[in-house]
Amino acid sequence: MAQVELIMPKMGESIMEATILKWLKKEGDTVELDETILEIATDKVDSEIPSPVAGVLTKILFAENETVEVGKVIALIATEGEDPVATPSPAVQETMTEAVQNGNPRNTEPAPAAPVADPVAVEAPQAPVDTGNVPRTGQKSGKFYSPLVRNIAAQEGITIEELDALEGSGLNGRVTKRDILQYIEQRSAKPATAQPGAPTPPPAAVTQAAPATPPPAATAGENVEIIEMDRMRKLIAQHMVMSKQTSPHVTSYVEADVTNLVQWRNAVKDEFLDKHGQKITFTPIFIEAVVRAIKDFPMINISVDGDKILRKKDINIGMATALPSGNLIVPVIRGADSYNLVGLTKAVNDLATRARDNKLKPEEIQGGTFTLTNVGTFGNVMGTPIINQPQVAILATGAIRKKPAVVETEYGDLIAIRQMMFLSLSYDHRVVDGFLGGSFLRRIGDYLEAFDTNQQI
């Protein structure tokens, strides 16, 4: 009889820990190769973890709702034969093989996580970009802090001395996201007092301070049902507040005549399905127009790092997708400019289906540079979406409705029934002014109005 160690897998470059949601097997149960043993959750995505071998689950080392470091052994499986190497199933991502360096988890987080946007546009929250700009006073810290913790500290004006003084709940006393958010909440709840020798907080910390008058506390009466937020909703709420605190939001609107586009889709949708095995919706058409407009206005495809602007050469489009739970998630089409309309349709349908089935990989909700949310699917004519940090703009597409409109003809102006829709763009006014935001939005509308109805499918 041999024993295999089931290891908490690495679910993405920026993932250092995961929470056990549910054990689907109990001690003594037989498990098959690649059979799902448990469900885990990170701050980006939920995943099912399969067994790397066939055998018997002999020992569960962590209970449900416990948070476990990547690379730690979470269960033992007894098998027949010689002792195999303790590795997770090929069905999950590669584990961290060197989880500890000098007593601290190795920082292997070069890439920022993508986003989450607004209650209409997002879903699964994502970690903000790692700026690494934690306010310092010339002193270097010997402690390890994850990019997410460092980014939150930078945004909230928390000095490295304050971080070093925090008592972390992670491995070897590491400060986790939960620790720093709890510290921020406690710090905001009491008036700031100047301490001798303490550095003056940067202006950003002042602008993001808690309101002088806290919101009134809600009371549960006799006819009030108390519903606990699930993990994803809590993360969405945190991300929404953070985005509004970070970016001064401005929203612009245009109305577009998409009659030709609608008529083309209605004419080809059956043929498209027969030829490609895919249903063509309006979403890939909208994404195609967004990609073209980004190429015309590349300064929309940016993020902010302190007083630096990071212009992204890749065009990675996030698309909001509603989940059966009522939450939303934003899978990302990477290199969207490399797809034609057929390719975009396949990518949109694939990501949307796997999002609803909770089958997305962690990297498929990261790295977005611009987000689109189709509020028209809910029957809404327009929306004011919240920016999906660290991006600087998000587009909402409204419902397409028949309306009387003035049409210019060679015989003069006529009133006709046209298919009209509103487009709304929320953007970060720190770096996107009205000219850029308005021109970009108008260009998207122009591309939709000038849709090529003669293109082949």
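Biologist: What should I know before I start?

Modeller: This is a predicted model: local features need pLDDT of at least 70, side-chain atom pairs count only at pLDDT 80 or more, and totals for chains, interfaces and linings use all residues. Residues are numbered from 1 along each chain as its sequence is written, and side-chain values use heavy atoms, with hydrogens and water left out.

Biologist: How many helices and strands are there in the protein?

Modeller: Nine helices and 21 strands. Both are DSSP runs numbered from the N terminus: helices are H or I with at least four residues, strands are E with at least two.

Biologist: And how much of the protein is buried?

Modeller: Of its 457 residues, 49% count as buried. Buried means under 20% relative accessible area, exposed means over 50%, and partly exposed is in between (1.4 Å probe, protein chains only).

Biologist: Let's do helix 9. How many residues does it have?

Modeller: Helix 9 covers residues 434–449, which is 16 residues. It reaches 22 Å from first C-alpha to last, close to the expected 22 Å. The expected span is 1.5 Å times one less than the number of residues.

Biologist: Which residues of helix 9 are buried?

Modeller: Among them are Leu436, Phe440, Leu441, Ile444 and Leu448. An α-helix has 3.6 residues a turn, so residues three or four places apart point the same way.

Biologist: What do the buried residues of helix 9 pack against?

Modeller: Their partners include helix 6 (259–276), helix 7 (283–296) and strand 21 (412–428).

Biologist: Now helix 7 and helix 8. At what angle do they cross?

Modeller: Roughly 120°, and their axes come within 9 Å. Axes are lines fitted to C-alpha atoms, for helices over the stretch in contact, and angles run from 0 to 180 degrees between N-to-C directions. That makes helix 7 oblique to helix 8. Under 35 degrees counts as roughly parallel, over 145 as roughly antiparallel, 65 to 115 as roughly perpendicular, and the rest as oblique.

Biologist: Which residues make the contact?

Modeller: Helix 7 gives Thr283, Pro284, Ile285, Ile287 and Glu288, and helix 8 gives Leu341, Leu344, Thr345 and Val348. They divide into six nonpolar, two polar and one charged. Ala, Val, Leu, Ile, Met, Phe, Trp, Tyr, Cys and Pro count as nonpolar, Asp, Glu, Lys and Arg as charged, and the others, Gly among them, as polar.

Biologist: How do helix 6 and helix 8 cross?

Modeller: Their axes come within 13 Å and cross at roughly 75°. Helix 6 and helix 8 are therefore roughly perpendicular. Trp264, Phe272 and His276 of helix 6 meet Leu341, Val342, Thr345 and Lys346 of helix 8.

Biologist: New topic. Where is the cis peptide bond?

Modeller: Between Gln389 and Pro390, with omega about 10°. Pro390 is in the loop between strand 18 and strand 19. Most residues other than glycine have a negative phi, and most peptide bonds are trans.

Biologist: What is the phi of Asp34?

Modeller: It is positive, about 70°, although Asp34 is not a glycine. Asp34 sits in the loop between strand 3 (30–31) and strand 4 (36–41). Its relative accessibility is 42%, so Asp34 counts as partly exposed.

Biologist: And Asn65, buried or exposed?

Modeller: Exposed, with a relative accessible area of 61%. Its phi is also positive, near 75°.

Methods:
Contact means heavy atoms within 4.5 Å.
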